[in-house]
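Hi everyone, thanks for making time this morning. I have one structure to walk you through, so let me put it on the screen.

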Amino acid sequence: MGFSIFSPTRSLDGVSGFFQVVFLLSLCLVLFKAVQFYLRRQWLLKTLQKFPSTPSHWLWGNHQKDKDLQQILTWVEKFPSACLQWLSGSRVRVLLYDPDYVKVILGRSVSDPGYGLLLLNGKKWFQHRRMLTPAFHYDILKPYVRIMADSVNTMLDKWEKLIEQDHPMEVFHYISMMTLDTVMKCAFSYQGSVQLDEQSHNQYIVSSIIRNSRSYTKAVEDLNNLTFHRIRSVFYWNNTIYKMSSDGRLFHHACQLAHEHTDGVIKMRKAQLQNEEELEKVKKKRRLDFLDILLLSKMQDGKSLSDEDVRAEVDTFMFEGHDTTASGISWIFYALATHPEHQQRCREEVQSVLGDGTSVTWDHLDQMPYTTMCIKEAMRLYPPVPNVSRELNTPVTFPDGRSLPKGITVAISIYGLHHNPRFWPNPKVFDPSRFAPDSSRHSYAFLPFSGGARNCIGKQFAMNEMKVAVALTLLRFELLPDPTRIPVPLFRLVLKSKDGIHLRLKKLR
Ligand code: HEM
């Protein structure tokens, strides 16, 4: 029967019929989702019954805003080895903080698909890892020490100008610009300085990179927060809902800013490599910097890396290569500020090795055992990457016989592991002697750089950078805490402090 605007009753019938159908379909969908939710939850409860569960709501899971780290300390004491953390009624992850459990997981391969070495999977991860490993060879890392020292000195010169005696300042921002500066120069052959360029806005050629560097560090901070909140919000798991939300729009904007920065860096290096002279110079090198490897290498099938692959790797290294070390250095400074006796002992050691610090070389870095112990102890208390996650691609059985099926997400809580009182007596106490050369510990009890095949590829780079930063800073400043603003560690992809890290700096005469 035809529809006519001249027969309103029939038209209304049609409309209400349409709404009835929509209503019925929606009801079916809701019922279907409810049954799916119920079955999934029942399956999880049964499968994971041998693991104790942290307190949680049946629908919303366990969420206490910004209390994660305190909670983990309680759980580590209360539930031996592992426990369940419900992110919602049907999503759960198994938190691990026992070295024997962690060892089982890190010895396996991973199944998280994605882009960039950090998120790649299987064969492609192996190919990329093998291709990029030479970028961290001793021959490459050795000359970086001087670049690191220059970047640190640039930051310290700035600090000298900024501080009035005893005036507290927030150091994370400056350290973050310094570590970005270092990674840009070392890994991406960038010839300017984002720290200096930040002050003088007049250099036209590299202006977009400079402009973007500041917004880049801000974008990384936003992405860190937004990703964390997304994992925690039941509603945001749906891509469409997330994209429409204000957080989703912010996320998109932050991604764009971050990509503008990395694209600028890639474009600039590509342009430099168009120059025959520069290309010849690079080709003569025995080993290449990270970005040059990406731009010049051919895969096994003879093809170059796709633009998408290059960008993904640059994104990963830019992020991993600066935010983690910035977090590490900031917390080390805080730990030394609150333990003046250890700070002084490190300073004396550094003075005996470096004198006034005019020259810092690779060989010097091995001659600072006490400073290294303090750096490690600070990384135990404040691990820059507090958590790493894995989705099991095959079932796993732990040494005590408990097992997990394929598909379950496990989160290795590096923070929990480093505060586990069974392996670290008085875990909250800063005690560098834990890392004395004659001390022994479980090989999986201290994992700031993770472990197994997928450990941190930049570990040596990061340790060098942290040593250079600590050594040169202690030669020029005394670090003191700001008792009015004690930093509170905040659980994010990279460990942060709630309101930054405020320290008082005293220029040494
Ligand atoms: C204190 C500084 C650093 C810490 C604590 C740290 C920690 C980590 C951790 C825990 C992982 C494992 C992540 C996972 O399995 O999900 C990792 C992986 C990685 N890190 Fe670092 N990192 C640091 C510095 C760096 C630097 C300086 C670079 C590069 C210049 C870098 C590049 C990478 C890359 C590419 C991966 C992925 C490796 C793979 O999957 O094969 N990291 N890092």
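What you see is a predicted model, where local features need pLDDT of at least 70, side-chain atom pairs count only at pLDDT 80 or more, and totals for chains, interfaces and linings use all residues. Residues are numbered from 1 along each chain as its sequence is written.

Let's start with the record. An unreviewed UniProt entry annotates residues 17–39 as "transmembrane region". UniProt positions are in the numbering used here, feature names are shortened, and annotations may be inferred rather than shown by experiment. In the model that span is 100% helix and 0% strand, and its end C-alpha atoms are 33 Å apart. When I say helix or strand, I mean DSSP runs, H or I of at least four residues for helices and E of at least two for strands, numbered from the N terminus.

Now the sheets. Which strands make up the mixed one? Four of them, in the order β1-β2-β7-β4, and the sheet is open. Two strands pair here if DSSP finds at least two bridges between them. The edges are β1 (82–88) and β4, each pairing on one side only. From one strand to the next, the twist averages 30°. For angles, axes are lines fitted to C-alpha atoms, for helices over the stretch in contact, and values run from 0 to 180 degrees between N-to-C directions.

Have a look at β7, residues 409–413, which pairs with β2, residues 91–96, in the parallel sense over 4 bridges. With β4, residues 387–391, β7 pairs in the antiparallel sense over 5 bridges. A411 of β7 has L95 opposite, and S389 also stands opposite A411. The bridge partner of E391 is T409 in β7.

The other sheet is open too, with 3 strands in the order β3-β11-β8 and antiparallel pairing. Because β3 (168–170) and β8 (477–481) are at the edges with a single partner strand each, one side of each has no neighbour in the sheet. The twist here averages 45° from one strand to the next. β3 pairs with β11, residues 502–507, over 3 bridges, and P168 stands opposite R504 in β11. Helix α13 packs on this sheet, touching β8 and β11, with its direction at about 80° to that of β8. Between β8 and β11 there are 5 antiparallel bridges, and P481 has L503 of β11 as its bridge partner.

That brings us to α13 and its helix neighbour. How do α13 and α18 pack? Their angle is about 40°, with the axes 10 Å apart. The contact joins T324, T325, G328, I329 and I332 of α13 to A462, E465, M466, A469 and V470 of α18. Contact means that C-beta atoms, placed from the backbone, lie within 7 Å.

Finally, the ligand. Which of the 24 residues around the ligand come nearest? They are G321, T324, C456, G458 and A462. A residue is near a molecule if its C-beta atom, placed from the backbone, lies within 6 Å of it. Helices α6 (172–188), α13 (307–337) and α18 (459–476) each supply at least two residues of this shell, and α13 gives the most, with 7 residues. By class, the shell has 14 nonpolar, 7 polar and 3 charged residues. Here Ala, Val, Leu, Ile, Met, Phe, Trp, Tyr, Cys and Pro count as nonpolar, Asp, Glu, Lys and Arg as charged, and the others, Gly among them, as polar.

Methods. Contact = placed C-beta atoms within 7 Å.
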